[in-house]
Structures are given as C-alpha cells and as structure tokens.
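Dear colleague,

Here is the structure that I promised to hand over, with its sequence. My notes on what was found in it follow below.

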Amino acid sequence: MTYQITYFSRDGYCAQMAEALLAILPPGTVMRPMGTDTPADADAHLVGFDLRFSDQGKLPETVIRFLGKLREKTVFLFATTPYQPDDVQSGRIQRRAVAALPRECDYRGMFLCGAEPSRELLQGFRHAAEVKPNSDRIRHWLDRCQRAVGHPDEADRKELCQFAEHVLK
C-alpha cells in the first residue's frame with residue numbers, strides 16, 4: 001500500500017502530527033501541505049487539519065475541497081483543536097469531515113486532540129470568567145482550553161501513531 005500525508009496547518013501543530021506519522025510509514029510516503037493540488041495517486045491518504053475556536057467546529061473550505069477529491073481511496077483523518085475535545089465536539093467534527101468525503105472512499109477513522117490555544121483565546125476566556133464568574137459555559141470552555149496547553153505532546157503523537165497503525169492494517 002502506498003501512502004500520502006496531506007495537512008492543513010495554520011499554527012504548526014498539525015504539521016507536527018504529520019511528521020510523527022511520516023516516521024512510522026514506509027519509505028516513499030509522500031508528505032506535503034495542503035494546497036489546491038490534486039491528491040497523489042496513493043492508496044491511502046492521511047489527511048490532517050487544524051481547527052480554530054472561531055471555526056466553531058466547521059472544517060476550513062480548503063480541507064472540504066481536498067476531502068472531496070479522495071474518491072476510491074483509503075482515508076484516515078487527524079486534527080487538532082485549541083481545546084481538549086469532548087465526545088460531543090469530537091463527534092460533531094467527525095460527522096462534518098465524513099460528510100465531505102466521497103461515498104466511494106474507505107474511511108478508517110479520525111484522531112482528534114487538543115493543541116496549544118492562542119494567548120488571546122485564553123486571555124479572552126479568563127476575562128470572561130472574571131466578568132461572569134457564575135457562567136458554567138465560560139468555565140467549561142476555559143477549562144477545556146487550559147487542558148490543551150502544552151499539547152500536542154509526545155504522548156499525543158504516540159497515541160496518533162498507534163491509532164493510525166491500528167486502523168490502517
């Protein structure tokens with residue numbers, strides 16, 4: 001089986017995850033940032049992207065267009081978010097990603113992990129928590145962002161690689 005890793009990384013964290021995957025795949029695996037190019041003629045495509053808080057769980061248009069080109073390919077997705085995702089958010093993101101894939105692909109799964117939030121995002125939630133200290137919603141999002149600080153880390157990259165090896169067998 002031949003592999004291509006394609007990633008859309010505005011903050012560099014998704015690129016780090018792509019590098020980890022490249023290290024476990026066979027020689028000859030192609031890795032490149034996502035652009036307007038057509039996917040290579042690989043059997044399996046590992047596609048990564050980052051989400052920003054302002055995306056509200058919606059995939060960037062660049063990613064949606066690329067996923068739509070993966071007809072009759074094996075596909076594994078990985079993504080980073082500026083907060084630790086919970087099951088509800090993870091499910092929502094995965095459903096949106098799968099909806100962008102052609103029916104004729106062999107979808108193998110998605111790995112989603114938190115990534116260091118911007119200083120501005122953290123400061124915004126901290127300020128909001130001071131202004132509205134009784135807001136459960138603000139405290140919930142502040143906690144999820146704070147738990148993403150320092151990620152992705154080595155444990156995240158290892159977990160990504162183990163998951164990818166398992167689903168791509």
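Strand E3 (44-50) is covered on both of its faces, with Ala44, Leu46, Gly48 and Asp50 buried on one side and His45, Val47 and Phe49 buried on the other. Strands here are DSSP runs of E with at least two residues, and helices are DSSP runs of H or I with at least four residues, both numbered from the N terminus.

Before going further, please keep in mind that this is a predicted model, in which local features need pLDDT of at least 70 and side-chain atom pairs count only at pLDDT 80 or more, while totals for chains, interfaces and linings use all residues. Residues are numbered from 1 along each chain as its sequence is written, and side-chain values use heavy atoms, with hydrogens and water left out.

The sheet

E3 belongs to an open sheet of five strands with parallel pairing, in the order E2-E1-E3-E4-E5; the edge strands, which pair on one side only, are E2 and E5. Two strands count as paired if DSSP finds at least two bridges between them. E1 and E2 are joined in the parallel sense over four bridges, and here Ile5 stands opposite Met31 in E2. E1 and E3 pair in the parallel sense over six bridges, with Thr6 opposite Val47 in E3. Between E3 and E4 there are seven bridges, again in the parallel sense, and Leu46 stands opposite Phe76 in E4. The chain passes from E3 through H2 to E4 in a β-α-β crossover that is right-handed, meaning that, with the strands pointing away from the viewer, the path from the first strand over the helix to the second runs clockwise.

Helix H1 and the cores

In helix H1 (residues 13-24), the buried residues are Cys14, Ala15, Met17, Ala18, Ala20 and Leu21. They pack against strands E1 (3-8), E2 (30-33), E3 (44-50), E4 (74-81) and E5 (106-114), and also against helix H6 (154-167), a contact being heavy atoms within 4.5 Å.

In soluble globular proteins, nonpolar side chains tend to be buried together. A nonpolar core is taken here as a set of buried Ala, Val, Leu, Ile, Met, Phe, Trp, Tyr and Cys residues joined through side-chain atoms within 4.5 Å. Which residues touch the most other members of the largest core? They are Phe49 and Leu67, in a core of 29 residues. Two or more residues of this core come from each of E3, helix H2 (61-67), E4, helix H3 (87-100), E5, helix H4 (119-131) and helix H5 (136-148). Apart from this core lies another, of 21 residues, including Cys14, Ala44, Leu160 and Leu168. Leaving aside neighbours within four places in sequence, Phe49 is in contact with Phe8, Cys14, Leu59, Val63, Phe78, Ala79, Thr80 and Met110.

Salt bridges

Nine salt bridges are found in the whole structure, each one a side-chain nitrogen of Lys or Arg within 4 Å of a carboxyl oxygen of Asp or Glu. One of them joins Arg71 and Glu104, with the closest N and O atoms 2.5 Å apart. Arg71 lies in the loop between H2 and E4 and Glu104 in the loop between H3 and E5, so the pair ties together parts that are 33 residues apart in sequence. Arg71 is partly exposed at 46% relative accessibility, and Glu104 is partly exposed at 40%.

Asp86 forms a salt bridge with Arg144, where the closest N and O atoms are 3.4 Å apart. This pair links distant parts of the chain, since Asp86 is in the loop between E4 and H3 and Arg144 is in helix H5, 58 residues apart. Asp86 is partly exposed, with a relative accessible area of 26%, whereas Arg144 is buried at 2%.

The side chains of Asp106 and Arg108 also meet in a salt bridge (2.8 Å, N to O). Finally, Arg10, Asp50 and Asp55 are linked in a network of salt bridges.

With best wishes

How values were computed: Buried < 20%, exposed > 50% of the residue type's maximum accessible area, 1.4 Å probe, protein only.
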